[in-house]
Amino acid sequence: MSSVEAAGPQFGAPIPGVQYPLKVLYCGNCSLPLEYCEFYPDYEKCKQWLEKNMPNEFERVLQLQGESKEDDAGEDEKKRQKRGGKGVLKTKKKEEVPKKICLSRAPRGKKKSVTVVTGMSTFDVDLKVASKFFAQKFSCGSSVTGDDEIVIQGDVKDELFDIIPEKWPEIDEDFIDDLGDLKR
């Protein structure tokens, strides 16, 4: 007899006392094998389904749980891992930022310039919509470049003092500040 046979059954060989083919029972709620239902996030529904459809297996599962709970007497409850994703989105707290819109002009090349508008998001204005409005109104390019910055091609700073309060009535002219010429 070789040493491999003395150590135990070989890999892939039938195990004595086990009836083949194996019959695996699956849960109708989570579609996992019954042994793995406890790892499913909604285990209570799995137990209800099991009690209703397979009462014998339900009793066996309860007996197995009773033995394991005696072993884990120190722990109150198993902590289950919740899957991440978009199910629970945490809302970001908005910091109290002074409501002010800043207009400035920045040079772009030798003779050309752009107008930079910052602070529109403090008034809960959608920056994409505002950028598109400015592009249509001034017949030029406009884009959102930062989390609170709109760049409009051309020097339209003087017209913005009249147009912004006209389009968004919640923004008064007093909230609009002119920073003059700045480098970006």
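The exercises that follow, each with a worked solution, concern a predicted model.

**Exercise 1. Trace how the strands pair.**

Task: Find which strands pair with β1, and in which sense.

Solution: 
- Step 1. Begin with β1 and β5, which pair in the parallel sense over 5 bridges. Within this pairing, Leu103 has Asp178 in β5 as its bridge partner.
- Step 2. Turn to β2: β1 and β2 pair in the antiparallel sense, with 7 bridges. Here Arg105 stands opposite Thr115 in β2.
- Step 3. Look at the hairpin of β1 and β2, where 3 residues lie between the strands and Gly109 takes a positive phi near 85 degrees.

**Exercise 2. Follow the pairing onward to β4.**

Task: Work out how β4 pairs with β2 and with β3.

Solution: 
- Step 1. Strand β2 covers residues 112–118 and strand β4 residues 149–153; they pair in the antiparallel sense over 5 bridges.
- Step 2. Gly146 stands opposite Glu149 in β4.

**Exercise 3. See what helix α5 packs against.**

Task: Name the buried residues of helix α5 and the elements they pack against.

Solution: 
- Step 1. Helix α5 spans residues 157–167, and its buried residues are Lys157, Leu160, Phe161, Ile163, Ile164 and Pro165.
- Step 2. These buried residues of α5 pack against β1, β2, α4 (127–138), β4 and β5.
- Step 3. Take Lys157 as a check: its relative accessibility is 10%, so Lys157 counts as buried, since the cut-off for buried is under 20%.

**Exercise 4. Examine the salt bridges.**

Task: The whole structure has 6 salt bridges; study three of them, namely Asp178 with Lys157, Arg105 with Asp155, and Glu44 with Lys47.

Solution: 
- Step 1. Asp178 and Lys157 meet through their side chains in a salt bridge, at 3.3 Å from N to O. Asp178 lies in strand β5 and Lys157 in helix α5, so this pair ties together parts that are 21 residues apart in sequence. Asp178 is partly exposed, at 39% relative accessibility.
- Step 2. The side chains of Arg105 and Asp155 form a salt bridge at 3.9 Å, N to O. This pair links distant parts of the chain, with Arg105 in strand β1 and Asp155 in the loop between β4 and α5, 50 residues apart. Arg105 is partly exposed at 26%, and Asp155 is partly exposed at 42%. Arg105 and Asp155 are also linked with Asp181 in a network of salt bridges.
- Step 3. Glu44 forms a salt bridge with Lys47, their closest N and O atoms being 3.9 Å apart. Both residues lie in helix α2, 3 residues apart, which is about one turn of the helix. An α-helix has 3.6 residues a turn, so residues three or four places apart point the same way.

**Exercise 5. Locate a nonpolar surface patch.**

Task: Which residues make the nonpolar surface patch, and where does Val18 sit?

Solution: 
- Step 1. The patch is about 590 Å² and is made by Ile15, Val18, Tyr20, Leu22, Val24 and Tyr26.
- Step 2. Val18 is found in the loop between α1 (3–7) and α2 (43–53).
- Step 3. With a relative accessible area of 34%, Val18 is partly exposed.

Key
Residues are numbered from 1 along each chain as its sequence is written. This is a predicted model: local features need pLDDT of at least 70, side-chain atom pairs count only at pLDDT 80 or more; totals for chains, interfaces and linings use all residues. Side-chain values use heavy atoms; hydrogens and water are left out. Two strands pair if DSSP finds at least two bridges between them. Helices (H or I, at least four residues) and strands (E, at least two) are DSSP runs, numbered from the N terminus. Patches are made of residues with over 30% relative accessible area and no salt bridge: like charges are joined within 9 Å, nonpolar side chains (Val, Leu, Ile, Met, Phe, Trp, Tyr) within 5 Å. Accessible areas come from the Shrake-Rupley method with a 1.4 Å probe; for residues, only the protein chains shown count as cover. A salt bridge is a side-chain nitrogen of Lys or Arg within 4 Å of a carboxyl oxygen of Asp or Glu. Buried means under 20% relative accessible area, exposed over 50%, partly exposed in between (1.4 Å probe, protein chains only). Contact means heavy atoms within 4.5 Å.
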